[in-house]
Amino acid sequence: MPYWLRTMPKTVEAIVGEDGSIQLPDSISLKRDQRVLVAVLEETDEANRDLEADSSVGEPALLGEKALAEDWTRDEEDEAWKPLQPDQ
């Protein structure tokens, strides 16, 4: 087995128990003093509520839309992309 495959991190989903302890799947076996990374994931419903509450999400993209549209419709832009277009 190649070295990079033996050292590749393994990602598993765990659940936080009522007492706050992390419950790993039974298929995972850890060694004493083994290093692990823990990522705390937001609940889907909660994350969606946060996005809906923040009306500024995506605002920079909307503000730049008009300027980009002007750039994309210029003759110079069409000429610049010509070499990348399939033969017509």
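Mentor: Before we place any residue, note that helices and strands are DSSP runs numbered from the N terminus, a helix having at least four residues and a strand at least two. This is a predicted model, and its chain holds 4 helices and 2 strands, arranged from the N terminus as α-β-β-α-α-α.

Trainee: Why is V36 called exposed?

Mentor: The term requires a relative accessible area over 50%, and V36 has 51%, so the residue counts as exposed. V36 also contributes to a nonpolar surface patch of about 750 Å², whose other members include V12, I22 and L30.

Trainee: What makes the pairing of D19 with S21 a polar contact?

Mentor: The limit for a pair of N or O atoms is 3.5 Å, and the two side chains make their contact at 2.7 Å, so the distance falls within it. D19 itself is located in the loop between β1 (15-16) and β2, and it is exposed because its 66% is over 50%.

Trainee: Why is the pair of K82 and E79 called a salt bridge?

Mentor: Side chains of opposite charge can pair when their charged atoms come close. Here the closest N and O atoms are 3.6 Å apart, which is within the 4 Å cut-off, so K82 and E79 qualify. The structure holds 1 salt bridge, and K82 counts as exposed because its 53% is over 50%.

Trainee: How do you know that the span of α3 is close to the expected one?

Mentor: Helix α3 (residues 59-72) has 14 residues and reaches 20 Å from its first C-alpha to its last, and 20 Å is also the span expected at 1.5 Å a residue. Even so, α3 bends by about 40° at E65.

How values were computed:
Residues numbered from 1 in each chain as written. Predicted model: local features only at pLDDT ≥ 70, side-chain atom pairs only at ≥ 80, totals over all residues. Heavy atoms only, no water. Patch = residues over 30% accessible without salt bridge, like charges linked within 9 Å, V, L, I, M, F, W, Y side chains within 5 Å. Areas by Shrake-Rupley, 256 points an atom, 1.4 Å probe, with all protein chains shown as cover. Salt bridge = Lys/Arg side-chain N within 4 Å of Asp/Glu carboxyl O. Buried < 20%, exposed > 50% of the residue type's maximum accessible area, 1.4 Å probe, protein only. Expected span 1.5 Å × (residues − 1). Bend = angle between axes of the 7 residues up to and from the residue. Polar contact = N/O pair within 3.5 Å; in protein donor to acceptor, adjacent residues only side chain to side chain.
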